[in-house]
Amino acid sequence: MKIVYNDGLKIIAAENGKTTEYGCDFHAKYIEAAKKAEKSAEWKTQGDGARFMGTRKNVDVEKADVSYYNSLNFFGSPDKILFSITVNGLSGVLTKDLTAEKDSEGHIIHSREHIFNGAEPSVDGRSFVTCIKEDYVNAHLAVYNLDTDDYMLVTDGDSCDTDAVYSVKKPNRIYFSSKGAGRDDHGEFVKYSPSSILSYDTENGDVQEIMTDGKMSFVKPKDDKDGNLYYIIKPYGEKKRGFWGTILDIILLPWRLLKAIYNFFEFFTIAFTGKGFTEKSDNPAKSRDKSQKELFIEDNLVNADQEYKKNLRHKDNYAGIAPWDWKLVKRTPEGTVTTIKNGVIDYCVLPDGGVVYTNGKHVIKLSADGKSEKIADTALCTKVALYVD
């Protein structure tokens with residue numbers, strides 16, 4: 001068994017108790033090019049001339065970097081992976097040879113107009129399925145043919161399709177999750193509906209709804225050779241505030257208003273003078289760099305510190321940052337649903353019915369009998385893939 005997972009933008013391979021770390025050449029080259037471009041244009045933003053024109057600013061390319069993996073999978077062998085990544089709006093699908101010392105990545109496709117949300121290879125390795133995000137609302141299922149270097153969209157509509165994977169039991173079936181786009185009377189996007197699980201038949205093009213619920217979202221569907229369906233359940237909508245929580249909000253309302261007014265005036269003071277009301281006042285931008293409590297994980301804004309503290313209360317030996325109500329479940333062909341683990345971001349199914357999953361802080365193997373084994377600690381893991389001979 002071999003596992004690959006990400007730790008931020010690093011790719012880690014784990015096998016027989018040993019780990020090997022890999023960087024992402026695609027990301028590194030982008031950052032290098034961005035630094036060169038910023039260096040050549042620094043006369044516009046640095047020095048007395050820029051100060052006179054009012055264009056002076058300090059740009060840190062690495063701190064301004066917003067990059068993340070959309071998917072991570074093995075590609076036909078334990079020494080090759082297929083992944084999709086978004087680097088500051090530039091999205092691409094690439095391969096990586098884990099045995100190569102240099103020039104290890106192979107380019108398949110990239111785009112600034114679209115985001116390739118996933119890259120799941122077919123059994124024969126001649127294609128992969130992805131979900132192409134065309135704008136800030138819609139994304140649709142697409143099958144990329146590696147022989148012709150072209151893709152075909154196979155779903156449409158005012159919706160966002162994600163989490164596309166090939167079925168283990170039926171290779172001609174693709175599972176994916178989909179959420180409809182809700183709009184107002186003027187056609188402006190308001191919010192998504194809860195995510196449902198659907199399937200697409202590659203032979204006849206049929207799309208079938210498998211699981212749906214008006215109150216919960218079902219995401220990341222995967223099956224096993226016995227026809228069991230695995231997926232993650234997430235609550236839909238805002239959590240309701242309890243009675244005592246509401247009372248506390250009322251009591252603290254005057255203090256929060258005063259704090260907001262203070263921060264408002266201090267912000268403008270810093271903006272125009274560079275100094276706050278006191279010597280200890282921080283520049284807001286610097287404060288954000290110091291503490292990144294809120295993270296976007298799987299299109300969800302998560303307060304990592306807060307969720308970790310909550311998970312510790314559940315006496316989880318390997319507490320993570322995924323909300324406890326992100327629940328991985330297993331549904332048998334007869335319809336029986338069993339909870340496998342709470343607080344799961346991504347997972348893979350083992351041949352014996354166990355799973356390998358990540359909760360953001362750890363990668364863990366959970367056997368079918370419920371025994372947990374920590375594989376690795378991470379700063380931030382959102383993707384995990386498994387290869388079994």
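Analyst: First, a term: two strands pair if DSSP finds at least two bridges between them. Strands (E, at least two residues) and helices (H or I, at least four) are DSSP runs, numbered from the N terminus. This is a predicted model, where local features need pLDDT of at least 70, side-chain atom pairs count only at pLDDT 80 or more, and totals for chains, interfaces and linings use all residues. Residues are numbered from 1 along each chain as its sequence is written, and side-chain values use heavy atoms, with hydrogens and water left out.

User: OK. What stands opposite Glu120 in strand 10?
Analyst: Val129 does. Strand 9 (residues 120-121) runs antiparallel to strand 10, with two bridges.

User: And what is opposite Val129 in strand 11?
Analyst: Val143. Strand 10 and strand 11 (residues 139-145) are antiparallel and joined by seven bridges. A hairpin of five residues connects them.

User: What about the hairpin of strand 9 and strand 10?
Analyst: Five residues lie between those strands, and Gly125 takes a positive phi near 75° there.

User: Which residue of strand 10 is the bridge partner of Ile115?
Analyst: Lys133. Strand 8 (residues 115-116) is antiparallel to strand 10, through two bridges.

User: Is strand 10 enclosed or open?
Analyst: Strand 10 (residues 127-133) has six of its seven residues buried, so the rest of the structure largely encloses it. Buried means under 20% relative accessible area, exposed over 50%, partly exposed in between (1.4 Å probe, protein chains only).

User: Switching to helix 1. Which residues are buried there?
Analyst: Phe26, His27, Tyr30 and Ile31 are buried in helix 1. Seen down the axis, the buried residues of helix 1 fall within an arc of 125°, so they line one face. That arc is taken from the directions from the helix axis to the C-beta atoms.

User: Why would residues a few places apart point the same way?
Analyst: An α-helix has 3.6 residues a turn, so residues three or four places apart do.

User: What's on the face turned away?
Analyst: In helix 1, that face carries the exposed residues Lys29, Lys36, Lys39 and Ser40.

User: Last topic: what makes the nonpolar surface patch?
Analyst: Ile247, Ile250 and Ile251 make a patch of about 290 Å². Patch residues have over 30% relative accessible area and no salt bridge; like charges are joined within 9 Å, nonpolar side chains (Val, Leu, Ile, Met, Phe, Trp, Tyr) within 5 Å. A salt bridge puts a side-chain nitrogen of Lys or Arg within 4 Å of a carboxyl oxygen of Asp or Glu.

User: Where is Ile251, and is it buried or exposed?
Analyst: Ile251 sits in helix 3 (residues 243-273). Ile251 counts as exposed because its relative accessibility is 59%.

Conventions. Areas by Shrake-Rupley, 256 points an atom, 1.4 Å probe, with all protein chains shown as cover.
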